[in-house]
Amino acid sequence: MSRRRLQMGVSVTAALALGFGLRLWFIVHTARIAGDSLIYGDIAKTWMQTGVYGFGEAGGGALPTLIRLPGYPMFLVVCFRLFGVEHYTAVMYAQGVADLVTCLLVGALAGRLFGRRAGLAALWLAVLCPFTASYVAYPLAETLTLTCVALAFYGLERWRAAGLGFNRWLWVVVAALAYSVLLRPEQGLLAAAVVPAMLWLVLRSPARREGVTRAAAPVLVAAACVVLPLLPWAVRNWRAFHVVQPLAPRYATDPGELVPLGFQHWFKTWGIEFASTEDVYWNYDGAAVDLNDIPTRAFDTDNQYARTAALIEEYDRTARANQAFDDRFEELAQERVKNDPLRYYVALPVARVMDMILRPRVEMFEIELEWWRWRDHPKQTIFAGTYAVLNLGYFVLAGVGLWRWRRRGWDGNKGLAFSMIGFIVLRTLLLLTLDNSEPRYTLEFFPVLMVWAGAVFSDFG
């Protein structure tokens with residue numbers, strides 16, 4: 001074994017060991033099983049024990065649901081069968097392994113694109129990234145989604161290098177894209193970024209001389225295979241609920257449940273930061289809403305403040321949404337949009353996305369939502385500020401790396417580069433349409449960012 005290869009092996013082993021230690025620390029000290037984790041867990045347990053994809057009821061019955069796609073419950077079912085029902089610690093360890101695989105894929109892709117040193121740098125950036133590592137301690141779909149993102153782009157590069165035909169890397173890409181969509185509905189954007197790049201690559205290849213249809217056949221088959229797993233889910237939803245739902249509802253409600261569109265429209269006229277999401281948006285229809293948690297930008301006039309205060313006070317008596325409340329929230333929302341359409345359609349969406357990108361990623365820690373109040377909790381302010389700087393550092397490194405890659409003319413990987421950029425752009429455009437801000441919605445950027453950051457440490461000029 002050459003000295004260089006030995007050094008490479010030692011560095012990779014050390015990175016994985018430290019990465020495992022970091023993830024173990026998060027599992028031991030920050031694990032959280034609540035909210036969506038319990039929803040996923042109940043669906044998996046009920047599905048496994050009764051054969052019904054839904055929620056368990058008293059007496060052993062089951063209530064079907066379609067509010068979550070089956071990808072993550074499938075993973076939980078496997079874990080529950082192997083390690084015991086509701087053994088969530090084992091689920092976290094499994095997610096830790098999946099996240100380390102993501103790190104290896106990130107490093108391997110950066111290495112193929114920018115050289116060995118860049119690959120090692122990207123691997124170290126990935127294994128020591130606390131933002132992605134911390135999510136292994138929460139039974140949620142995010143960790144597996146990151147693995148799918150990394151695998152899709154790594155598979156795309158290997159497929160290109162292998163000749164763009166029907167080879168094993170085509171099926172790797174298909175598996176990553178298909179399972180990604182089963183995990184989260186918006187992950188169709190990953191396929192929307194990768195499949196056109198695959199088509200562009202084959203149409204520019206020498207194989208095109210044999211005919212466009214023949215050259216494009218692998219891509220067309222791949223696209224069909226990505227959609228195929230959704231068909232049984234759509235058929236099941238039609239049979240169970242008599243609705244056309246090939247993915248999951250935007251507002252995570254089953255047919256017949258009230259969707260408080262008026263409240264959500266009103267919240268969208270002022271909501272920016274994650275604190276408002278947790279204190280107001282998530283509390284509505286189930287918990288009281290404190291008027292003091294609503295910032296002054298939610299009121300254009302004294303009259304609006306008075307009407308909002310009266311509405312919140314009336315809602316708080318029952319903490320339950322109804323259509324009458326929703327109509328009054330919608331009236332307020334319409335008035336505010338009319339007062340300042342530029343604020344609603346441009347300023348607020350951009351502010352929400354910037355909050356999701358730049359906010360310290362401490363939302364799952366036992367830290368005050370208003371972490372910036374130095375006098376109340378200086379240690380938390382310092383910790384959150386450090387996280388914010390570290391988060392910004394990843395984005396800056398990625399930007400510099402992308403610029404260096406562009407200066408090199410993409411090194412013959414224009415299709416992959418545009419696919420990665422397209423994924424970031426498409427996801428950002430989607431985030432501009434959301435009602436509320438959640439930093440975890442930008443976690444999917446990180447596999448791409450860490451690959452690009454690797455280029456900063458490459459040997460090319």
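Is Y345 buried or exposed? Select Y345 in this predicted model, and you will find this residue in helix α16. Y345 has a relative accessible area of 57%, and because the cut-off for exposed is over 50%, Y345 counts as exposed.

Now turn to the charged side chains, for the whole structure holds 22 salt bridges. Select E157 and R112, whose closest N and O atoms are 2.5 Å apart in a salt bridge. E157 lies in helix α7 and R112 in helix α4, so this pair ties together parts that are 45 residues apart in sequence. With a relative accessible area of 4%, E157 is buried, whereas R112, at 39%, is partly exposed.

Move on to E273 and R297, another salt bridge, with the closest N and O atoms 2.6 Å apart. Here E273 sits in the loop between α12 and α13, while R297 sits in the loop between α13 and α14. E273 is buried at 18% relative accessible area, and R297 is partly exposed at 31%.

Finally, select R328 and E314, which meet in a salt bridge of 2.9 Å from N to O; R328 belongs to helix α15 and E314 to helix α14.

Notes
Residues are numbered from 1 along each chain as its sequence is written. This is a predicted model: local features need pLDDT of at least 70, side-chain atom pairs count only at pLDDT 80 or more; totals for chains, interfaces and linings use all residues. Side-chain values use heavy atoms; hydrogens and water are left out. Helices (H or I, at least four residues) and strands (E, at least two) are DSSP runs, numbered from the N terminus. Buried means under 20% relative accessible area, exposed over 50%, partly exposed in between (1.4 Å probe, protein chains only). A salt bridge is a side-chain nitrogen of Lys or Arg within 4 Å of a carboxyl oxygen of Asp or Glu.
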